[in-house]
Amino acid sequence: MALSRPYSDREVVLETKGLTKIFGGLKAVNDFDLVVHKGEILSLIGPNGAGKTTVFNVVTGIYKPEHGGVIFRGTNITGKKPHQIVSHGIARTFQNIRLFQDMTCLENIMAGQHCRASSGLFSSVFRTPSMRRQERRIARVAQERIKQVDLAQFKDELAKNIAYGSQRMLEIARALASEPQLLVLDEPSSGLNPKETQDLMDFLKRLILHEDLTILLIEHDMNVVMGISDWVVVMDEGKKIAQGLPLDIYNDEAVIEAYLGKDDEGEERVGPVVHW
Amino acid sequence: MQLLLEQLINGLTIGSFYALIALGYSMVYGVLKLINFAHGDFFTMGSYIGYTVLVLGAAALTVQFGPWIGMLSAICVAAGSLTIVGLLVERVAYRPVYPVGRLPAVVSALGASIFLQNTIMLIWGPRYQAYPAALIPVVRFQLGGINITLLQVIILVLSFFLMSVLYYIIQRTTFGAAVRATAHDRDTASLMGINFNRVILFIFTLGPALGATAGVMVGMYYRQISFTMGWNYGLKAFTATILGGIGNLPGAMFGGLILGVLEMLGAAYISAAWKDVFVFLILILVLIFRPNGLFGEKIAEKV
Amino acid sequence: MSALAKIFKNTPWYIPAALTALIIYPFLVSNYFIDIAFFFGIYALLGLSLNIVLGEVGLFDLGHAGFYAIGAYVTAILNTRYQIPILALLPISAFAAALFAYIVCSPIIHLKGDYLCIVTIGMGEIVRLALINNPFDLTGGPNGVFGVDFPKLAPGIVIDSSIKYYFLIWAVVGLSILGLVSLQHSRIGRAWNCIREDGIAAGTTGINVRHYKLLAFVIGAGLAGVAGNIYASKLMCVSPESFTFWESCLMFCIVLIGGMGSIPGVIIGAGFISLFPEIFRPFAMYRMLVFGSVMIVMMMFRPGGFWPRKRGGVSFRSLLEDTVDGAV
């Protein structure tokens with residue numbers, strides 16, 4: 001029997017109700033319910049094409065759902081534009097890293113601070129004291145974040161010129177710069193070697209310990225899922241098929257079937273943990 | 001009613017010119033994502049070459065074989081020459097530049113256009129030239145009560161023939177599928193074994209040839225040609241390309257025809273002076289409500 | 001270190017050099033060459049205005065001559081009909097062009113790159129054709145409007161000679177450069193660049209993409225309107241043939257040949273576009289051939305432009321903002 005869910009006594013930070021997203025004739029996301037509690041790390045897993053990224057895209061405002069809604073800290077954010085959702089406090093990274101390639105690493109992170117400042121045209125052109133104060137703050141926050149991800153030495157390097165693993169961390173730093181309450185990471189360990197993956201896991205664990213943050217992530221690497229998740233939700237073909245503690249999910253029949261297909265002989269799965 | 005139908009015929013005639021030119025734009029744009037600004041000048045050059053052929057040689061041909069043979073020979077020579085010019089321009093102005101980026105390619109295309117336009121001016125002079133009227137018989141007749149000229153019929157028939165051939169090649173042959181595949185995703189297409197250079201050969205010979213054909217026909221229809229007319233026709237033809245949906249060849253054909261008809265209707269029922277404004281307004285409205293053109297597909301972008 | 005000393009220390013060498021050259025130049029040459037430099041200035045201003053839209057945000061605008069035309073015609077019409085002074089018309093023309101841009105671009109700002117391109121071409125053409133067709137007998141048709149006045153800066157100071165126009169345009173260019181550099185080093189400029197790099201990522205990073213795209217068009221149009229105002233009073237008349245698609249193409253080339261998003265680059269690009277025909281005047285017939293060829297060759301060997309934008313650079317930045325405390 002599954003143990004009760006950790007953090008379930010905490011405030012609900014994100015909730016999706018009956019979320020449905022349809023492309024042409026295809027229900028990419030089908031009546032999807034999700035609850036994320038404050039302070040937890042929730043992993044969304046499932047085979048390719050399950051609809052995980054689509055859920056993220058709906059939550060972060062890139063798509064509008066056909067049915068259902070998204071509620072963030074009590075506010076209905078369904079159908080809002082991406083930049084509004086960032087202002088509310090959700091920041092994300094992308095599966096295939098979308099950095100601002102021809103801008104420096106520091107500038108990338110400073111971009112994250114955009115929504116926390118407010119200088120308009122006049123104050124920007126004439127560099128009023130309030131604008132300069134805001135610029136100093138932006139620079140300061142960016143420098144903190146770039147140090148936090150150990151990329152300070154690359155601050156003036158163009159984003160496209162740094163290593164892949166560093167780019168992933170840079171994207172996370174950019175997301176953190178917008179001072180989010182919820183960090184949404186799409187396959188953050190994708191393409192990282194085992195050491196980098198471990199560093200990422202340690203980083204995320206430290207992050208959640210020291211900052212007022214909740215993390216929602218999509219992952220394929222079971223080491224990461226098992227290593228840092230408090231709760232796991234499994235999707236297949238647009239629907240939620242299971243949820244629970246990491247270990248329970250790991251051994252769940254329906255989940256295994258979804259990833260591997262039905263095994264006629266019903267043999268017990270043995271062997272080392274596999275990436276799928 | 002009669003007037004409406006006549007305007008329709010006029011519109012389709014002009015539309016055929018736009019359609020033939022638009023095909024050239026659409027092919028290059030579909031595969032290379034490049035707005036080939038020089039294409040309007042291919043059209044102009046075709047027109048001038050046709051002019052030269054008619055002035056120099058066709059007189060003899062006409063005497064021998066009849067008037068329409070003269071026109072045909074002008075078209076053949078013009079189309080043939082432009083295939084060479086088209087390949088040259090691609091090799092010199094585009095091939096070195098488009099790996100670099102799309103915007104530099106646009107500047108290079110503009111440079112090529114300037115170069116061609118001024119070449120035309122240097123060879124044939126800055127003044128208007130007139131297609132020899134004697135070689136283009138004016139035969140009018142009535143078809144179901146509508147006035148129509150033989151020239152219009154020939155233009156329409158020839159244009160539709162060419163468009164059908166191209167449509168067949170693109171939609172029904174293997175090579176056509178290769179062209180479409182390259183337009184969709186160049187890297188995967190080449191990984192699948194599609195010879196990119198052959199696709200380039202195809203679009204930079206057929207496109208200019210079609211444009212040149214349109215040029216000769218325009219010369220015959222309006223009699224007067226100038227070295228700047230590529231600008232105007234090119235712009236409208238590119239509008240037709242967008243109207244039909246970028247990279248969509250049948251769309252470009254229909255876009256051209258629709259544009260021609262709209263222009264004629266606008267000129268007849270609104271005002272000749274404002275017809276171009278009317279055309280552009282239609283374009284803008286279409287794009288606001290159907291951002292991928294009339295026939296373009298709505299492909300969801302994978303984020 | 002005092003503020004002034006800091007500015008001296010951080011100013012790159014070419015700025016005082018260019019300023020000196022700029023100031024001495026008109027005293028050394030004849031009116032003909034001063035006028036050429038005047039048009040260099042006009043193109044510089046136009047290039048800077050398009051640079052906001054094309055260089056900073058990466059929007060394909062091939063109809064920018066339309067905004068230029070609106071500025072020029074608003075000045076010409078209001079001055080010849082209602083005797084409104086040219087100087088007063090400068091902000092009015094800028095505002096008219098900016099308002100036009102706002103109204104016209106709002107419904108189309110979301111369009112994908114190349115579709116936006118063709119729509120801007122269409123808009124530019126619509127403006128030009130509307131000017132030719134002389135609606136409400138306002139615009140004078142193909143002949144345009146003439147009899148535009150001189151700007152009066154103050155009682156007794158009238159801009160009525162080549163040299164005075166020269167200083168006027170370059171003063172305006174100078175002020176524009178200061179404002180634009182300031183914008184480059186602000187959250188607005190960064191937002192613009194982010195949109196150019198990746199519109200979707202910009203949105204999910206917290207940037208209101210639609211708002212900033214529109215802002216770029218509005219400011220770009222306003223600046224082009226200013227150029228129109230000065231142009232109209234210099235020429236004393238305006239006609240539609242100064243505002244063709246070709247002009248929009250020239251501005252496009254200025255930004256690209258100079259270097260997208262690069263202010264010194266745009267100045268150089270403007271110089272190239274306006275001085276080239278002059279330098280090659282002896283080859284009159286062939287100069288356009290050479291011009292076209294140079295464009296192609298430039299894109300082959302220096303596609304980033306003459307003076308590509310340098311990012312994270314220190315030079316201009318220190319002129320205008322406090323350095324960030326505590327080096328990393």
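How many residues does the contact take from chain A and from chain C? It takes 41 residues from chain A and 27 residues from chain C; two residues are in contact if their C-beta atoms, placed from the backbone, lie within 7 Å.

Before the views, a short note: this is a predicted model, in which local features need pLDDT of at least 70 and side-chain atom pairs count only at pLDDT 80 or more, while totals for chains, interfaces and linings use all residues. Residues are numbered from 1 along each chain as its sequence is written, and chains are lettered from A and ligands numbered from 1 in the order in which they are written.

**View 1. The side of chain A that touches chain C.** Helices H2 (82–88), H3 (105–112), H4 (121–126) and H5 (129–148) of chain A each give two or more residues here. H5(A) gives the most, with eight residues. Helices (H or I, at least four residues) and strands (E, at least two) are DSSP runs, numbered from the N terminus.

**View 2. An open sheet in chain A.** Welcome to six strands in the order E6-E7-E8-E3-E9-E10, with mixed pairing; two strands pair if DSSP finds at least two bridges between them. At the edges, E6 (90–92) and E10 (239–244) of chain A each pair on one side only.

**View 3. Strands E3 and E9 of chain A.** E3 (residues 41–45) and E9 (residues 231–236) run parallel, joined by four bridges. Look for Ser43(A), which stands opposite Val232(A) in E9(A).
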